[in-house]
Amino acid sequence: MKPSTLRNIIIVVAVLGLIGGVILGFKFKTVEINRLYTAEHFNAVLMLSVWIATALYSVINLALASVLENQEHIISQLWKQSQTMTKNPDGVNSKMSLSAIAAKEKSGANGWVCPECDETNPTNIRVCKSCGYEK
């Protein structure tokens, strides 16, 4: 479920909770019995209880919608990163992290970047000095 859909549902539930609280307050009236008369009063405690429960429900679910939205953003960023492909000097495709790509752009003629550990190595060696990856 998309976060925007979830937010719309939460707004509808909040409005229904407010209306429902008022309706329940009128429906389940409190009864006051005295010696001389019996009186029914609007049940404000029930209405406030429904409103508080609705508010808590809404706040918790809005927080969950925010978490879902952030997860979608993170997943899209990871997907974009996984689509970044470069060619090794031996012609084999490998996935490289954004930091490795940035390091490779910085290093230029100064060396090569290991696709395994992102270490920048001198151009005259074929084995990574950090992890032992063979170029």
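How many salt bridges does the count come to? The count comes to one salt bridge, and the structure holds zero disulfides. The model is predicted.

**Salt bridge**
- Side chains of opposite charge can pair when their charged atoms come close.
- Here the partners are Arg-7 and Glu-69, whose side chains meet at 3.1 Å, N to O.
- The pair links distant parts of the chain, with Arg-7 in helix 1 (residues 3–27) and Glu-69 in helix 2, 62 residues apart.
- Arg-7 counts as partly exposed because its relative accessibility is 28%.
- Glu-69 is also partly exposed, at 39% relative accessibility.

**Cysteines**
- A disulfide is a covalent bond between the sulfur atoms of two cysteines.
- The structure holds zero disulfides, and Cys-114 is in none, with the nearest cysteine sulfur, that of Cys-131, 3.5 Å away.
- Cys-131 is likewise in no disulfide, and its nearest cysteine sulfur is that of Cys-114.
- Cys-131 has a relative accessible area of 41%, so Cys-131 is partly exposed.

**Ser-58**
- Ser-58 counts as buried because its relative accessibility is 9%, and buried means under 20%.
- Apart from its neighbours within four places in sequence, Ser-58 is in contact with Ile-10 and Ala-14.

Definitions and conventions
Residues numbered from 1 in each chain as written. Predicted model: local features only at pLDDT ≥ 70, side-chain atom pairs only at ≥ 80, totals over all residues. Heavy atoms only, no water. Buried < 20%, exposed > 50% of the residue type's maximum accessible area, 1.4 Å probe, protein only. Contact = heavy atoms within 4.5 Å. Salt bridge = Lys/Arg side-chain N within 4 Å of Asp/Glu carboxyl O. Helix = DSSP H or I, 4+ residues; strand = E, 2+ residues; numbered from the N terminus. Disulfide = S-S within 2.5 Å.
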